Protein chains: 2
Amino acid sequence: MTDRLAQLRDDLERAFLRDFHQVATIGATDRGGVERQAATDADRQTRDWFSAFARARGWAVEVDGIGNLFATLEFVPGAPAILSGSHLDSQPRGGRFDGAYGVLAALHAAAELERRVAEGELTPRYNLVVVDWFNEEGSRFPPSIMGSSVYAGLLDREQILGVRDLAGTTVRDALEAIGYLGTSGGPGELAGYAEVHIEQGRILEREGIALGAVDSSWYTQKIEIDVIGEQSHTGATAMADRRDALVGAARVTLLVRDICNEYPAESLVSSVGQITVEPNSPIVVNSRVHLVADLRANDPAIVRSARDALMARFQQVADEERLEIVARDFDIRPNRYYPQEGVALQQRVADRLGLSIRRMQTMAGHDSVAMNTITPSVMMFVPSVDGVSHCEREFTSDGDLVNGLIALTEVIAELLTGVLDGVAYPGVPSTSTNESRLR
Amino acid sequence: MTDRLAQLRDDLERAFLRDFHQVATIGATDRGGVERQAATDADRQTRDWFSAFARARGWAVEVDGIGNLFATLEFVPGAPAILSGSHLDSQPRGGRFDGAYGVLAALHAAAELERRVAEGELTPRYNLVVVDWFNEEGSRFPPSIMGSSVYAGLLDREQILGVRDLAGTTVRDALEAIGYLGTSGGPGELAGYAEVHIEQGRILEREGIALGAVDSSWYTQKIEIDVIGEQSHTGATAMADRRDALVGAARVTLLVRDICNEYPAESLVSSVGQITVEPNSPIVVNSRVHLVADLRANDPAIVRSARDALMARFQQVADEERLEIVARDFDIRPNRYYPQEGVALQQRVADRLGLSIRRMQTMAGHDSVAMNTITPSVMMFVPSVDGVSHCEREFTSDGDLVNGLIALTEVIAELLTGVLDGVAYPGVPSTSTNESRLR
């Protein structure tokens with residue numbers, strides 16, 4: 001460990017860990033997780049905490065028209081901005097690291113960098129903005145990665161504001177209710193984006209490596225499936241007369257899981273996460289079931305082939321069970337490649353700090369995937385115990401959190417000096433590969 | 001058709017059909033059904049309508065401690081009562097005939113019989129009470145046949161008042177909220193019970209028969225099943241690491257349906273009607289699913305053998321999918337036999353009226369099944385188009401409704417004169433075969 005790293009640890013560690021564990025008490029569950037779905041009161045409380053952190057340091061706080069929350073450190077008036085952050089919302093009974101870690105790390109990195117600029121240790125070419133993206137999780141309002149996708153122009157703001165949760169509340173009304181529907185456009189010209197996140201996989205833990213430099217994301221798509229049968233009495237209807245939508249949905253759920261066995265091990269992951277059943281009464285044969293399936297692979301051809309096979313098999317189930325099954329593709333996200341220069345930057349920083357690092361892919365979606373379509377983006381992972389996430393036992397050690405924080409600080413410091421100026425990034429994909437059919 | 005029947009038709013038909021179709025507008029759905037789950041505002045409106053009907057005729061209205069609604073015609077002060085009715089609540093998006101028909105028919109039969117008594121055509125030994133039983137459907141608050149079972153002493157009132165719907169509201173609070181939690185004990189000594197209901201099967205329609213005299217009910221039981229896995233990320237969790245509760249629930253649902261194929265055709269009916277999924281988010285592997293399965297057969301040995309086989313197979317699914325599956329029997333209802341004298345009474349009445357009739361069983365549960373444990377009970381069916389029920393397209397023609405109404409009127413007239421005095425009825429079953437495990 002270098003002297004400089006030791007010094008930085010001392011400066012950052014106590015303040016960061018204190019704040020991280022304090023934010024984890026907002027919406028805390030009884031089993032060590034948090035429940036802070038988008039635009040709920042718990043989400044509001046974390047946003048208030050973020051705003052107070054920024055205002056206490058004199059940073060300008062603004063909210064844009066889709067609830068993204070920005071805090072700006074103006075170093076060079078009128079210059080473009082380097083953006084860093086993640087999201088404070090969680091899944092239902094989710095973990096306290098997913099998202100919140102990246103926001104808290106960006107806030108503390110910004111505080112450290114402000115000090116360096118003030119003391120003449122760093123001469124930035126750009127301003128620095130810390131962001132809490134709205135609704136990365138998508139559990140209450142689909143699709144996920146909502147706020148950053150709207151900011152990046154991948155989703156239409158007006159259409160997204162009209163999306164409803166299962167209780168019928170729109171995104172617009174939910175954001176207004178917590179006081180976080182703003183009018184700002186957010187930062188204008190950007191010069192780069194950086195995000196740190198827990199891995200949500202087991203590679204770093206298994207290999208004993210401190211950091212993952214993400215070079216690409218998997219190809220993903222969702223399928224929205226409606227199974228339509230006929231409502232009838234569970235006791236008084238002959239088996240031969242039933243058209244049971246839940247039976248159809250059960251067969252669809254198993255087909256979606258079992259298709260993975262037809263491809264090389266772990267080359268495809270696929271499951272049904274959401275299911276809505278009508279009328280859902282103990283003595284009624286169900287008339288309608290809505291399902292959402294999620295398919296992901298590195299190789300787009302695998303997702304496409306699995307999707308085509310599933311569509312044909314859904315039709316077979318419909319015929320055999322005398323049901324109607326309507327399935328539609330939505331939320332198709334192509335592979336995305338992060339700039340090689342950003343991966344190289346992370347490797348340089350890790351070498352300098354004496355931290356081990358490897359290249360890796362992400363199977364999960366992240367705000368950085370959306371941001372990388374409009375500005376050169378850097379995505380960094382820290383280890384995640386057992387690779388579990390979206391659950392209460394999600395865990396990363398304090399030591400691993402601090403490693404990621406320090407590396408992020410150094411990465412942003414370099415971004416502020418313009419090391420990624422002019423590098424290529426994927427750009428906005430064509431609409432044909434990014435169509436969203438929203439409920 | 002006899003002259004008497006023609007006369008009665010003229011007197012009853014217009015008034016009954018007008019009222020029946022009026023009540024069907026309360027909670028009406030856009031597809032010809034009704035949605036009047038127990039203790040909702042729509043249920044309150046039908047109860048208000050019932051009370052107004054009774055009060056307009058000077059009948060005493062009272063509500064007991066589980067929301068059963070009674071209207072008493074006192075013919076012989078201090079004498080026991082003949083009870084007749086059914087239930088005004090419905091399934092979600094249910095039909096307008098199931099239950100409401102039996103209540104409306106009893107009210108109009110009572111009005112006709114009051115006239116006969118007043119004009120000296122009928123000399124009753126008993127009083128007459130019309131009843132709307134609380135929550136026969138059990139869709140909002142399990143179990144079904146709630147109000148009549150509490151009245152009959154088969155369920156404990158205090159325990160039942162504490163049952164909660166999925167939103168956490170108790171039966172007690174829901175009844176208080178609609179103003180129908182009473183303090184009356186309901187009628188004291190009984191001398192018999194009569195109920196008319198749509199068949200909810202195709203036998204009468206197929207055979208072109210006007211009336212069904214129910215002689216027994218099927219053996220039924222429910223199984224409550226919890227499938228417990230582990231919450232994780234649908235994108236970032238390797239397939240081999242998943243413990244997906246929804247996959248387990250899908251396999252359970254198919255096992256429950258497929259077990260019927262191992263017995264003679266239509267000797268067993270079985271399905272999962274209710275399923276509750278946590279956390280139910282598109283990109284989360286589900287941690288917990290609660291299911292309710294419903295098994296019914298005439299032969300108890302078939303239900304018991306299917307139940308045992310299912311329990312073993314659930315365990316196999318748990319082992320294969322690395323899940324925990326906990327399954328518990330509840331709401332076991334043995335075969336019940338209606339008094340032969342009541343079946344003979346219905347046949348005599350039908351012969352006199354010139355209406356065709358046959359003996360039959362009921363696969364569905366009814367309030368009369370509970371009542372038959374405490375007083376000799378008569379259960380009569382009218383045809384039901386396509387045999388469908390618990391759905392919006394449930395249908396019985398006006399002519400069939402009026403046939404049942406006239407037959408019910410004649411049956412009650414005979415009950416009032418004591419034709420079932422002293423006949424045997426099943427009595428209260430032992431608790432070992434009627435245990436209820438309530439959520």
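Through which surface do the copies meet? In this predicted model, 100% of the interface residues of chain A are also interface residues in chain B, so the copies meet through the same surface.

**View 1. The contact between chain A and chain B.** The contact takes 57 residues from chain A and 58 residues from chain B. On the side of chain A that touches chain B, the elements giving two or more residues are β7 (219-228), β8 (232-233), α8 (245-258), β9 (268-278), β10 (284-285) and β11 (288-297) of chain A. The residues on this side of chain A comprise 24 nonpolar, 23 polar and 10 charged.

**View 2. The rotation axis relating the two chains.** Chain A is superposed on chain B by a rotation of 180 degrees with 0.0 Å of shift along its axis, with an RMSD of 0.0 Å. That is the relation of a two-fold axis. Of the residues of chain A, Ala250(A) comes closest to the rotation axis, with its C-alpha at 2.1 Å.

**View 3. An open sheet in chain A.** In chain A, 4 strands lie in the order β9-β11-β7-β12 and form an open sheet with antiparallel pairing. At the edges stand β9 and β12 (324-333) of chain A, each with a single partner strand, so one side of each has no neighbour in the sheet. Neighbouring strands of this sheet are turned by 15 degrees against each other on average, direction ignored.

**View 4. The pairing of β9(A) with β11(A).** These strands, β9(A) and β11(A), pair in the antiparallel sense over 10 bridges. Gln274(A) has Val292(A), in β11(A), as its bridge partner.

How values were computed: Residues numbered from 1 in each chain as written. Chains lettered and ligands numbered in written order. Predicted model: local features only at pLDDT ≥ 70, side-chain atom pairs only at ≥ 80, totals over all residues. Contact = placed C-beta atoms within 7 Å. Nonpolar A, V, L, I, M, F, W, Y, C, P; charged D, E, K, R; others polar. Pairing = 2+ DSSP bridges. Axes fitted to C-alpha atoms, helices over the stretch in contact; angles between N-to-C directions. Least-squares fit on C-alpha atoms with pLDDT ≥ 70 in both.
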